[in-house]
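This briefing goes through selected parts of one protein chain. Please keep the sequence and the 3D view open while reading.

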Amino acid sequence: MKGSDHPYRAHLQELTRRLEACLEGSGFNGALIPAGRAPLVFSDDLHYPYRPNPWFCQWCPEAHPGSLIVVGPGRRPLLLFRQEADYWHMPPVTPSGPWVPEWDIRVVRSTPEARNAIPAGHYALLGEPDPDWEGLAVLNPAPLLECLEYLRARKTPYELSCLTEASLRAARGHLAAEASWRNGGSEFDAHLAYCAGAGQHDDELPYRNIIGFDRHGAVLHYQHLERERPAASRSFLIDAGASVAGYAADITRTWAAEQGEFADLVAALDEIQQRLAAGVTPGRDFRELHFAAHREIGGLLVAAGLVTCTAESAVEAGVTRTFFPHGLGHLLGLQVHDVAGTRAEGGGEIPRPDGHPFLRLTRTLEAGCVVTIEPGIYFIDMLLDEARADFRSELIAWDKVAALYPYGGVRIEDNVVALAEGPRNLTREAFAALGA
Ligand SMILES: [Mn+2]
């Protein structure tokens, strides 16, 4: 593709329009956006992993520590590309992607050189406070940041292509990790297989892999990787993503070792997940989709014999929240839980519904919004104990809970784009492209 018709060009134009609209009346004539740096560990000369500033990634596909961009209406974007004179590390290679012709790129060797290269102007700075850039700009003015955050939910075709690539990478990792589990690997082995399959190491992944066998599947953000393989593993839950040019995939799959009640539960939840994903359309209030998930899960609890009441009573009594205690999904993009999920247009918050404190997305979907759809059913000690201690106890079939308890839980999570012509499921597309 030639530079001139690359979707990046239209993306850059859209970002410039958004910035201009959000700057209106502010008195600023542009923004400085640093790529960020990796902080030093206390009393050490080693750094924490580098996590680039997402605002930088949105404008510029190649983020390296110490770089800075200058953007604003009516000006060509300027990249001050930091190439330190350094024989301890490999300096970043001067960029050459299809986005390069759209930029003025100036290589800088030091902070003073970068500061001197910034054209005169009244700027806002978007990013972490950093002594390197002190005194040059107003740090993160709230009205500007809120305006830009709100708009970030609408993805451009360029952003959708990055998210599509990220899903493909993640799907390759998922297939490799599943194979490792089926072939007798430990949680740690599955993690290594995932990284090899996705072609990314830990610091490149958008979040730490959640890889849980058996009961570990009941820990929503299970953070360990057991080195020992259990004698026999009956279930495998993996929540793992990948990133491309700063854009994240966020995918969960759950596998049963053998046919039986747990495999049936996984299959039934998969059907529910796909029905909910079909509801990702412009104009849909995500809170309503979250409630639809509760009604679906109520039906599944009845069908699986896990409750002794009707689906409606399971929802009303809060029993569905015992088994499904998190939100249906969240915005996805430059951050895995992308910004402004509860932000109203023009400012203010759209409240979470009572009793649903963990729902990260309360907005009405627009064309180009990318969300996760991730219903789950878990057997979590803390929540089961709470339910056992009150009126919910008689609504739950405890013998069935005991039978499924050793499997931990099920979550199925896809990344879905709301589009006028109907939802696009990036995750199912990626697995299908790999023949899975
Ligand atoms: Mn997620």
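In strand β2 (residues 68-71), Leu68 and Val70 point one way, while Ile69 and Val71 point the other way. All of these residues are buried, meaning that 20 or more other C-beta atoms, placed from the backbone, lie within 10 Å of the residue's own. In a regular strand the side chains alternate between the two faces of the sheet. The model is predicted: local features need pLDDT of at least 70, side-chain atom pairs count only at pLDDT 80 or more, and totals for chains, interfaces and linings use all residues. Residues are numbered from 1 along each chain as its sequence is written.

**Strands around β2**

- Strands (E, at least two residues) and helices (H or I, at least four residues) are DSSP runs, numbered from the N terminus.
- Strand β1 (residues 30-34) runs antiparallel to β2 and is joined to it by four bridges; two strands pair if DSSP finds at least two bridges between them.
- Proline 34 has leucine 68 of β2 as its bridge partner.
- On β2 there are also three bridges to strand β3 (residues 78-82), again antiparallel.
- Opposite isoleucine 69 stands leucine 79 in β3.
- β2 and β3 make a hairpin with six residues between them, and glycine 74 in the turn has a positive phi of about 75°.

**Helix α6**

- Helix α6 (residues 187-198) has twelve residues and spans 16 Å from its first C-alpha to its last.
- This is close to the expected 16 Å at 1.5 Å a residue, where the expected span is 1.5 Å times one less than the number of residues.
- The buried residues of α6 are Glu187, Ala190, His191, Ala193, Tyr194, Gly197 and Ala198.
- They lie on the same side of α6 because they cover an arc of only 165° around the axis; the arc is that of the directions from the helix axis to the C-beta atoms.
- The buried residues of α6 pack against α5 (157-182), β7 (210-213) and β8 (235-244).

- The chain is divided into domain 1 (3-151) and domain 2 (157-433), with bounds from an automatic or database domain assignment.
- The C-alpha centres of domain 1 and domain 2 are 34 Å apart.
- Each domain gives 14 residues to the contact, which is counted when C-beta atoms placed from the backbone lie within 7 Å.
- On the side of domain 1 that touches domain 2, α1 (7-23), α2 (54-59) and α4 (142-151) each supply at least two residues.
- α1 gives the most to this side, with four residues.

Definitions and conventions: Two residues are in contact if their C-beta atoms, placed from the backbone, lie within 7 Å. A residue is buried if 20 or more other C-beta atoms lie within 10 Å of its own, exposed if 12 or fewer, and partly exposed in between; C-beta atoms are placed from the backbone.
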